[in-house]
Amino acid sequence: MPPELPASALYSSPSLGRLWQKVHLACSPFLRRPAVRRLYQKPAPRLRRYLPGPYSLIALGCADGIKESLLLKNLPKPAYLLAADTNLSLARRAAHRLPGRKKSSCRIDLTTHLPSPISHLPRPRLFTLFGVLPNLNPLPLLRRVSRTLRPGDLLLFSANLAPARSGFAGARKILHQYDNPPTRRWLETAVKSCRPKLPKGRLEFGIHPDPRQNSLARIEARWISPKKGLTVFSSRRPTVAQVESWIRLARLKKLARFLDPRGEEGLWLVAR
């Protein structure tokens with residue numbers, strides 16, 4: 001397997017952030033299908049029962065906050081909002097968009113640790129983790145968040161799913177959502193930004209087993225050249241059963257599950 005470009009490198013500059021937004025606008029099922037947008041409003045009634053009073057919202061990997069904004073339309077305004085993303089300009093945009101009596105934003109690298117301001121926020125805390133799990137090693141990430149949760153805290157996270165019983169068959173159905181001109185422009189720009197520079201090559205999309213879990217399907221964009229190969233982008237497409245096995249292994253308790261009618265996306269509400 002070729003070495004991997006860190007996921008944070010795809011969003012590390014304002015220009016890459018803008019290209020990602022163009023991909024999102026052109027290709028995202030979230031924007032193209034109303035049923036996926038409605039999915040992010042479904043947890044609100046359940047959350048109101050768990051959060052009857054003031055709470056803090058920590059939006060992890062929030063990008064520009066559009067998914068969190070749908071959730072918060074039907075929830076009371078958080079007493080405190082922290083918008084956190086690997087791209088600080090996107091995190092600031094999310095903090096501006098989202099409601100909160102007090103707000104802040106910060107840059108994070110979810111592959112290492114959670115931002116230190118989290119520990120000082122008033123509890124109970126609602127953590128959101130939308131659109132992040134496909135691009136990072138999911139089990140270590142869920143375990144890091146799990147260790148941060150305290151009694152009364154909640155985590156609501158999304159997963160892009162393989163819409164079939166077999167993850168690999170499901171991944172083939174949605175490969176076109178990745179292999180398209182806007183996504184290629186974004187990833188090729190990220191390749192050109194690499195230091196040291198990569199040799200000339202081409203971008204190839206395919207479906208491969210995840211190196212840490214062979215039964216997990218992973219859509220990859222690989223930079224192929226005679227001298228060096230590099231995995232530029234990857235997106236894991238688990239089945240529902242695989243996501244729920246990660247929840248158990250991270251010592252989390254499932255409180256609720258919400259699924260897109262086509263089976264391409266799901267939300268899970270969990271606690272310690």
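Which residue forms a salt bridge with Glu 264, and how far apart are the closest N and O atoms? I started there, keeping in mind that this is a predicted model, where local features need pLDDT of at least 70, side-chain atom pairs count only at pLDDT 80 or more, and totals for chains, interfaces and linings use all residues. Residues are numbered from 1 along each chain as its sequence is written, and side-chain values use heavy atoms, with hydrogens and water left out.

**Salt bridges**

I took a salt bridge as a side-chain nitrogen of Lys or Arg within 4 Å of a carboxyl oxygen of Asp or Glu. The partner of Glu 264 is Arg 33, with the closest N and O atoms 3.8 Å apart. Both Glu 264 and Arg 33 are buried (buried is under 20% relative accessible area, exposed over 50%, partly exposed in between; 1.4 Å probe, protein chains only).

Next I checked Arg 125 and Asp 153, whose side chains meet at 2.6 Å, N to O. Arg 125 is buried at 3% relative accessible area, and Asp 153 is buried at 2%.

Then I looked at Glu 204 and Arg 202, another salt bridge, with the closest N and O atoms 2.6 Å apart. Here Glu 204 is partly exposed at 34%, and Arg 202 is partly exposed at 46%.

My search of the whole structure gave 13 salt bridges.

**Charge over a ring**

I also found the charged end of Lys 67 over the ring of Phe 30, 5.4 Å from its centre (the rule: NZ of Lys or CZ of Arg within 6 Å of the ring centre and within 35 degrees of the ring normal).
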